[in-house]
Amino acid sequence: MRSNSVRFSAGTMVKLALMAALNAFGLYCLFACWAAGSVYLFVAVLVSLLIIDAVYFSKRALPGKYLLPGMVFLLIFQLFVMVYTGYIAFTNYGSGHNSSKDDAVSAIVAKYETRISPKVPAKVVTSLGKTGLAIVKDGTVYVGEDGAKMEPVPGAKVKGNEIVSVPNWKVANFAQVVSDQVKISQLRVPAQEKGAWRTEDGESAYIAQSTIKYDPGRHTMTDTQTGKVYKETEQGQFTASDGTSLTPGWRVAVGAKNFKDMVTGTEIGVPFFKSLLWTFVFAICSVASTFAFGLILALIYNDKRVRGRKIYRSLFILPYAFPGFLAALVWKGMLNQKFGFVNTVLLHGASIPWLSDGTLAKLAILGVNLWLGFPYMFLVCTGALQALPEDVMEAARIDGAGWWRRLRSITLPLVLVATTPLLISSFAFNFNNFALIYMLTGGGPQYPGNPLGVGETDILISFVYTVAFDSGAKNYGLASAMSLVIFVIVGLIAWISFRRTRTLEEI
């Protein structure tokens, strides 16, 4: 009895220690969210922490102790990603529209700064997490923070033109300046007269003044040199009457604009619909060809009269053992127009543009995917054939059914009942088979003159990747809208296919 009590106490102590560590981490996250002004995230973390404590300290919530970790990961890695993608799809988030309006104003003002004073000796200084700038002017050391004007500091020591020490501040060395270069380059300390002190190297400073002035009351930007006025627009930019705009802009809601752009125009709409059609062709042909080839091989090598079946089966599985992206790279080299094995050896020096011609590139992709995918279907169909009831097949033979009749009326329907869910999952996989397209053709050949950089062999998922990351102007809002379309299409097809599966189960 005593040993049981000791074990219970030890388990309780471990539980308390783990929960204490979790709550400490939760409190840290709460303070961080509060400091960052993320109210929604603060509430989400607080509610999650309360639920976790309620579940793990309650004797009545035993099932929840096992379900909660999975639910948390589902919430973070699935639901949150889906909701956030949906939110981004209705914004103009992308190149030039990455942050808030305040950040955009600060960036524009800093972008049009010009130097209006000579350089003076300076040092970057730090104190209790704060970063400031110390300068030497007329033999006196002045120190200021971002947003706070320069003030003289009695007791500061200067050796030659170099600041050695400043009371209540620590002078940053060269390594510290390099490691925090971004923050230091953004440091602006208001000057006594006009403009702001700034430094580029941490060793000297000068007064800079922007030629762009922001009016928060009128929500306008004015060029003080030309007098041009830029007004705030609903597109998240400051735009003048002549159509010119200041960059960067900021992130705003644009409604269904991304979905409209996706289906209209020649730059996006036409390539999108071509990519949509090719995606369906690619997915359907890939599933049909790999399943048909795998089934034929399974039927042949399921026959007990074939000698060496185990050896052949092992050889057929080899393409499935190689990583898909590596196999795609190997095939890319083999299909090279000038030096590839297929042209130089198999076709005796032919110069066929397998990967640079749109039609041939699509055929090459289907052929490579057949080579990569048939081993999986071969394994699935072999397992389904071996699971068929022998008494049904024997009864068909007794009734006089021939080989073709047994295959069409018994074997194929029973195999489809077992493999249809796998065919649906294979369709969904090929519908989003990014690795094969990216590694083999990179989506090319590209459409001539298309600014997005998309190509004839881009399926929807690679189209989304190009729009989001590979194009000159990254457009995360448009890419998110396309991702929602992919999700809806795949989900709808899967739902319809599973409903159709019930018809096969009645056979």
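Author: A residue counts as buried under 20% relative accessible area, as exposed over 50%, and as partly exposed in between. The model discussed here is predicted.

Reader: Into which of these classes does histidine 219 fall?

Author: Histidine 219 lies in the loop between β12 and β13, and its phi is positive, about 55 degrees, although it is not a glycine. Its relative accessible area is 36%. Since exposed begins over 50% and buried ends under 20%, histidine 219 is partly exposed.

Reader: Is histidine 348 buried or exposed?

Author: Histidine 348 is not a glycine either, yet has a positive phi of about 55 degrees. Its place is in the loop between α11 (341-346) and α12. With a relative accessible area of 70%, histidine 348 is exposed.

Reader: Why is the protein chain described as more spread out than a compact globule?

Author: The secondary structure of the chain comes to 17 helices and 16 strands. For 507 residues the globule rule gives 23 Å, and the protein chain is well over that value, so it is more spread out than a compact globule, with a radius of gyration of 33 Å.

Reader: What does the C-alpha trace span along its principal axes, and what share of the residues is buried?

Author: The C-alpha trace of the protein chain spans about 110 × 85 × 45 Å along its principal axes. The chain exposes about 29800 Å², of which carbon and sulfur atoms supply 64%. Of the 507 residues, the buried share is 36%.

Reader: Which residues does leucine 460 contact, leaving aside its neighbours within four places in sequence?

Author: Leaving aside neighbours within four places in sequence, leucine 460 is in contact with Phe272, Ser275, Leu276, Thr279, Phe431, Ile486 and Ile489.

Reader: Which strands stand at the edges of the open sheet of 5 strands?

Author: The open sheet has the order β12-β13-β14-β15-β16, with antiparallel pairing. Two of its strands have a single partner strand each, so one side of each is left without a neighbour in the sheet; these are β12 (212-215) and β16 (245-246).

Reader: Which helix packs on this sheet?

Author: The helix touches β12, β13, β14, β15 (238-239) and β16, and its direction makes about 155 degrees with that of β12. It spans residues 101-111 and is helix α4.

Reader: Which residue in β14 stands opposite methionine 221?

Author: Strand β13 (residues 220-223) runs antiparallel to strand β14 (residues 229-232), and 3 bridges join them. Within β14, the residue opposite methionine 221 is tyrosine 230.

Reader: Which residues cover the two faces of strand β10, and are they buried or exposed?

Author: On one side of β10 (residues 196-199) lie Ala196 and Arg198, and on the other Trp197 and Thr199. Both faces are covered, and these four residues are all buried.

Reader: How many bridges pair β10 with strand β11?

Author: β10 and β11 form a hairpin with 4 residues between them, and glycine 202 in the turn has a positive phi of about 75 degrees. Arginine 198 stands opposite tyrosine 206 in β11. The strands pair in the antiparallel sense, and the number of bridges is 4.

Reader: Which residue in β10 is the bridge partner of proline 190?

Author: Strand β9 (residues 189-190) pairs with β10 in the antiparallel sense over 2 bridges. Their hairpin has 5 residues between the strands, and glycine 195 there takes a positive phi near 75 degrees. The bridge partner of proline 190 is alanine 196.

Reader: Which residue does a cis peptide bond join to proline 248?

Author: Proline 248 lies in the loop between β16 and α7 (257-263). The omega of this cis bond is about 5 degrees, and the residue joined to proline 248 is threonine 247.

Methods:
Residues numbered from 1 in each chain as written. Predicted model: local features only at pLDDT ≥ 70, side-chain atom pairs only at ≥ 80, totals over all residues. Heavy atoms only, no water. Contact = heavy atoms within 4.5 Å. Pairing = 2+ DSSP bridges. Axes fitted to C-alpha atoms, helices over the stretch in contact; angles between N-to-C directions. Rg over C-alpha atoms; globule rule 2.2 N^0.38 Å. Buried < 20%, exposed > 50% of the residue type's maximum accessible area, 1.4 Å probe, protein only. Areas by Shrake-Rupley, 256 points an atom, 1.4 Å probe, with all protein chains shown as cover.
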